[in-house]
Amino acid sequence: MPDFGLLSPIAAMPMAILSVAALVALVGGTLGRRGPAIARISSMVGLALTAAGLASLWADRGSRALLAFTDTLVLDNFGVFASAAFLLGAVFAVLLGDAYLRDHARLAGEYHGLVLLATVGMIAMAMASDLVVAFLGLELLSIPLYILAGLSARDARSNEASLKYLLLGAFGSGFLLFGIALLFGATGTTLLSDMVGDPRLRMALSPANLYFAAGAAMLLVGIGFKAGLVPFHMWVPDVYQGAPTPVSAFMATGPKAAAFVLLFRVFGQAFAGAAEQWTGILWAMAVATMTVANLAALRQTELKRLLAYSSISHAGTILLAVLAAPKDRAGSAQALLFYVVAYALMKAGAFGVVVWLQRQQEGDVSIASLRGLASRQPGMALAMGVLMFSLAGVPPMAGFWAKAWVFSEALQAGFLGLTILAVINSVVAARYYLRVVVAMYMEEAGAADQPTAEPSGCPSAIAAIWLAAALTVLIGLVPGLVFVLGGQAGAMLR
Amino acid sequence: MDFLWTKHIWLIPFWPALGALANGVLIPRARKTLDVVSTVAIGSVAMSFLCTVFLTAELASLRIGNPAPVEYFRWIDAGDLRVPFALLFDPLSATMCLMVTGVGLLIHIYSMGYMAHDPDPGRFFTYLNLFMAMMLLLLLADSFLLMFVGWEGVGLCSYLLIGFWHRKESANRAGLKAFLVNRVGDAGFLMAMMLIFVTFGSLRFDEVLSNAAIRQASPTMLFAITALLFVGATGKSAQLPLHVWLPDAMEGPTPVSALIHAATMVTAGVYVVVRCAALYSAEGAASALVAWIGVITALLASLIALAQTDIKRVLAYSTISQLGYMFLACGVGAYVAAILHVVTHAFFKACLFLGAGSAMHGTGGQTDIRKMGGLAKTMPRTTVAFWIACLSIAGIAPLAGFVSKDEILHHVFVSTYAPARTLWTLAIITAFLTAVYMFRLFALTFHGDEQAMKRGAHAHESPSVMTIPLMMLAALAIVGGLALGLPYPPGLHLLNHFMRGWLIIGRHHGAEDTGGLGLALALAAIALAVAVSGAVLAFRFFRGPYRRVELLQRRLGFAYTLLSRKLYIDELYDIVIVGPAVGLSRLAADVTDTRGIDGIVHGAAAIAYRAGEGLRRLQTSHTRVYALAMLVGAVALVLYLARGMLF
């Protein structure tokens with residue numbers, strides 16, 4: 001593959017811009033009264049510049065991937081597209097964060113700085129062509145998230161979430177690192193690009209190699225933890241619920257997508273030759289993830305926990321795209337990218353509604369408190385309804401196409417039984433999404449459900465919700481907008 | 001061709017759609033007062049009316065040819081089926097849109113007064129605006145498919161508005177009946193659409209309705225298409241044998257009856273036939289079918305109207321009868337006359353319904369004409385408007401109803417279709433009956449014997465927001481006919497002039513033998529004589545003591561019962577269709593569904609719930625449990641991946 005050589009820093013430009021913006025936000029946030037504004041502007045400018053930088057790295061049709069920094073970074077449209085999806089998640093985190101930072105102004109620097117740093121970590125994961133770089137990216141993503149989860153220092157639940165996430169995250173990272181070491185033992189390299197291309201390494205990827213098998217398994221534990229796959233998912237509901245809601249929104253969008261992008265690069269691309277070895281276990285994990293999450297979600301009464309289980313369930317569905325990758329890498333990459341974009345929009349919007357609701361009431365947002373929302377706040381109920389229908393995969397929303405394409409890829413790759421199980425799971429999932437809609441539109445508000453305060457305006461949070469809902473519908477009506485770009489991104493993985 | 005408005009046809013249905021969106025969703029419930037919602041609704045229809053006027057003015061200034069459809073975006077693009085979202089504003093849709101938005105505007109204003117005491121004006125105006133948007137989409141669509149969207153949309157709104165007072169059992173039943181009967185017609189329309197696509201390979205008007213394309217189609221296929229389209233039209237326009245829903249539809253609020261079930265939606269069937277004039281002109285048998293169904297419906301409906309006692313039901317049967325006239329006109333190829341009657345009918349029938357609504361408003365919701373009477377004293381404005389509309393529909397010269405009906409009768413008489421004289425005779429009998437039942441209605445409601453006069457003394461005149469639209473419609477019912485369709489000299493027939501470029505030459509156009517001025521005058525004289533005698537006879541008889549009326553009913557015996565029971569058609573349908581269908585559904589619902597399918601579904605749901613409960617217990621929130629789960633998972637993964645070496 002061609003190499004950037006001395007021009008390598010170009011490939012790292014988006015990460016560099018974002019890191020600078022993060023540092024400016026972190027430092028600027030401490031500058032007294034003006035601090036929050038500086039942090040906010042810095043993060044917005046940083047995100048905008050990074051987006052522009054990513055756009056300039058977008059390669060023309062038919063181009064080949066480029067390698068940089070002695071083959072440890074890969075620059076292809078797949079990574080660029082994925083990075084853009086992470087930026088989308090960060091933008092929503094910034095917009096929704098406004099609502100939270102109103103009451104916690106002195107945290108503005110930390111909030112913006114850490115969100116941006118985590119995004120840098122995600123981009124590193126998406127562009128990594130080396131397992132060590134991927135690990136660095138993962139850690140750069142994780143550590144800010146541990147802090148963000150515990151941002152509300154006086155809130156016991158937030159503290160608990162942070163500590164739990166940190167302990168389990170360290171546990172997961174340990175597996176990941178051990179896995180990389182074992183793989184290095186098996187192949188003599190940590191470069192994914194070598195594992196794809198070098199025929200000598202094919203031998204090392206054979207079923208006969210214990211190091212490889214154990215290494216791949218441990219890698220799967222580490223990445224599966226970040227992606228929230230069963231049985232490494234148990235932290236998700238507790239952390240999403242305990243963390244400040246804008247942070248939950250952020251965790252549900254970018255980091256999850258980053259984990260899947262890495263999973264795709266490792267299993268869908270580098271280990272594709274050994275597919276018959278890992279297909280079975282990923283199949284089982286996909287089924288377990290969807291089923292466990294959906295069944296558990298049925299009994300949830302609290303909206304944030306419900307959304308947490310919903311995000312686990314979606315992770316199980318996205319796994320289908322990874323499973324299909326060895327048969328049709330370009331197509332399944334396209335389906336995966338479309339899915340993570342649609343999913344980021346839906347989840348950011350849905351958590352946004354929780355943010356908005358929490359401006360009116362203290363503590364947990366139960367589904368019961370949504371009763372009668374349609375008559376109190378018809379606009380907000382409509383947006384939430386759109387997002388719920390999209391999450392359930394009802395056409396013509398983006399969520400429908402996301403599911404449809406992943407299922408179609410899985411079918412083409414021969415996973416008939418898995419697809420049927422996934423469709424059954426979608427039906428089960430519709431039950432709890434529709435319960436939210438039913439509460440909003442068909443149930444009257446009881447005396448206990450009345451909000452304690454008038455809805456206080458938080459323009460940027462409301463804008464974020466509407467943006468998410470509108471994009472969900474727009475992409476649903478004109479899926480080609482995203483799908484064509486995703487296709488160009490996937491085509492470069494061939 | 002570079003006009004200001006030409007490209008902006010979309011604005012016409014856009015405004016009411018926006019109004020419906022605003023009233024339905026965007027305005028919070030707390031702010032939905034009558035003032036707000038009615039202002040939004042009336043404003044949106046007024047905007048739509050203005051846009052239509054501007055577009056029509058531009059269209060009229062076009063000297064040559066027909067305007068091309070305006071394509072907005074690719075709508076459906078699946079294999080051979082390519083349908084763009086395109087709208088067409090030609091003389092036909094212009095005329096219909098002007099009528100719909102104009103009459104619609106007046107009825108919207110009237111509704112503001114009529115619905116003043118209703119608890120939910122927001123819902124009412126939302127539906128009404130949605131109906132306007134759908135109706136205009138139906139009229140402006142450039143393809144059968146887009147037209148069908150509007151077609152189904154107005155059907156939905158009709159259902160919603162008939163059942164508007166949904167706490168009333170009878171209103172719900174009526175809504176359901178209208179919807180189900182219309183489904184029969186819709187099925188016909190759908191099948192026609194499929195056949196059109198199979199035959200012509202397209203659903204766009206310019207590709208289907210061109211003479212070149214039609215010449216290549218087989219006559220059998222053409223007959224099937226036109227006949228099935230007509231089935232759709234009989235459903236929507238309440239013709240025999242699918243007319244049964246319209247009288248029941250009177251359960252809805254009176255402005256709805258005026259707008260949807262008299263002036264606009266029910267004429268959609270006529271519009272479809274006129275729009276497809278090229279197909280019908282090429283296919284004689286289907287045209288004959290249209291003519292015969294039209295005239296038989298006209299006659300039977302006017303007979304039934306004679307014996308009804310509910311003021312709105314009389315008007316409903318009158319609508320069915322008048323729609324029959326329109327189809328009769330279509331059947332003999334007099335398409336412009338049909339459209340002229342659509343327009344004049346909208347004027348006088350909307351006026352009649354709004355007058356009836358005003359009378360009901362003034363008497364506290366009374367609809368039984370035997371218990372009304374004497375309103376002429378207390379409700380003078382309503383009385384005058386209603387009287388004018390009665391004269392118009394009865395066909396008294398030179399009012400609008402006379403002009404358009406006379407034109408239809410004339411075309412029927414000179415038609416080259418063999419049994420034209422029979423058709424004409426039936427139509428003139430209907431004209432006589434029309435005058436009789438309308439003046440029976442007028443006499444019983446507004447005059448009556450001494451007792452009736454006493455009853456009317458307690459009524460009160462409606463507010464001006466209701467009477468002013470009434471007056472305006474009455475004025476249109478006077479001048480509308482002569483203004484649009486001056487019978488002589490031929491050059492001054494405005495509608496003919498406007499539509500001349502559009503008109504596809506049918507069987508009876510072009511070098512048509514009109515029989516000269518003498519025949520025209522003679523026919524007009526006969527029609528007028530028949531109308532006047534019917535009106536005078538009925539008015540004098542029904543104004544007298546009600547005892548005489550009851551005596552006559554007893555004398556007529558079974559004949560009267562037959563008519564008052566609407567020829568027992570509803571009962572027949574109940575036995576032949578509804579009964580077996582309900583029985584079958586019961587079987588499916590109670591046995592197959594409840595015991596079979598529901599059992600399985602509920603069982604599965606219960607299992608899922610229990611499983612969820614179990615999983616929830618596992619989620620203990622103890623970190624060590626979570627770590628243990630991860631460890632177990634990791635061990636399982638390693639064992640699985642390394643299975644080759646270990647076992």
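Predicted model: local features only at pLDDT ≥ 70, side-chain atom pairs only at ≥ 80, totals over all residues.
Now colour chain A by burial. Of its 494 residues, 65% are buried. Switch to a cartoon view. Chain A holds 20 helices and 2 strands.

**Stop 1: the strands of chain A**

Select Thr70(A). Thr70(A) sits in the loop between strand 1 (66–68) and strand 2 (73–75) of chain A. Its phi is near 45°, a positive value in a residue other than glycine. Is Thr70(A) buried or exposed? Its relative accessibility is 67%, so Thr70(A) counts as exposed.

Step on to Asp71(A). The loop between strand 1 and strand 2 of chain A holds Asp71(A) too. Phi of Asp71(A) is near 70°, again positive in a residue other than glycine. With 22% relative accessibility, Asp71(A) counts as partly exposed.

**Stop 2: cis peptide bonds in chain A**

Select Val230(A) and Pro231(A). The peptide bond from Val230(A) to Pro231(A) is cis, with omega near 5°. Pro231(A) lies in the loop between helix 9 (210–227) and helix 10 (235–242) of chain A.

Jump to Pro395(A) and Pro396(A). A cis peptide bond joins this pair, and omega is about 5°. Look for Pro396(A) in the loop between helix 16 (378–392) and helix 17 (398–412) of chain A.

**Stop 3: where the chains meet**

Show both chains. The contact takes 44 residues from chain A and 29 residues from chain B. Together the two chains bury about 3200 Å² between them, 75% of it on carbon and sulfur atoms. Which residues of chain B lose the most area to chain A? Select Tyr609(B), Met630(B) and Leu641(B): together they give 23% of what the chain B side buries.

**Stop 4: chain B as a whole**

Chain B has 29 helices and 2 strands. It runs to 647 residues, of which 54% count as buried. Its accessible surface comes to about 26200 Å², with 67% belonging to carbon and sulfur atoms. Among contacts in chain B between residues at least 6 apart in sequence, 81% join residues at least 24 apart.

**Stop 5: a helix pair in chain B**

Select helix 2 (residues 34–61) and helix 4 (residues 121–140) of chain B. They pack at an angle of about 10°, with their axes 9 Å apart. Angles under 35 degrees count as roughly parallel, and these two helices are therefore roughly parallel to each other. Show side chains at the contact. Helix 2 brings residues including Leu34(B), Val37(B) and Val45(B), and helix 4 brings residues including Phe125(B), Met132(B) and Leu136(B). By class, the contact of helix 2 with helix 4 has 9 nonpolar, 5 polar and no charged residues.

**Stop 6: two buried residues in chain B**

Select Gly185(B) in helix 6 (residues 169–200) of chain B. Gly185(B) has a relative accessible area of 0%, so it is buried. Beyond its neighbours within four places in sequence, Gly185(B) is in contact with Val231(B), Gly232(B), Gly235(B) and Leu242(B). Gly185(B) and Lys236(B) are 51 residues apart in sequence, and their C-alpha atoms are 6.8 Å apart.

Finish at Ala298(B), in helix 14 (residues 284–306) of chain B. At 2% relative accessibility, Ala298(B) counts as buried. Leaving aside neighbours within four places in sequence, its contacts are Ser321(B), Gly324(B), Tyr325(B) and Thr430(B). Now pick Thr434(B), 136 residues from Ala298(B) along the chain: the C-alpha atoms of the two are separated by 9.4 Å.

Technical notes:
Residues numbered from 1 in each chain as written. Chains lettered and ligands numbered in written order. Heavy atoms only, no water. Axes fitted to C-alpha atoms, helices over the stretch in contact; angles between N-to-C directions. Helix = DSSP H or I, 4+ residues; strand = E, 2+ residues; numbered from the N terminus. Parallel < 35°, antiparallel > 145°, perpendicular 65-115°, else oblique. Contact = heavy atoms within 4.5 Å. Nonpolar A, V, L, I, M, F, W, Y, C, P; charged D, E, K, R; others polar. Buried < 20%, exposed > 50% of the residue type's maximum accessible area, 1.4 Å probe, protein only. Buried area = accessible area lost by both parts, 1.4 Å probe. Areas by Shrake-Rupley, 256 points an atom, 1.4 Å probe, with all protein chains shown as cover.
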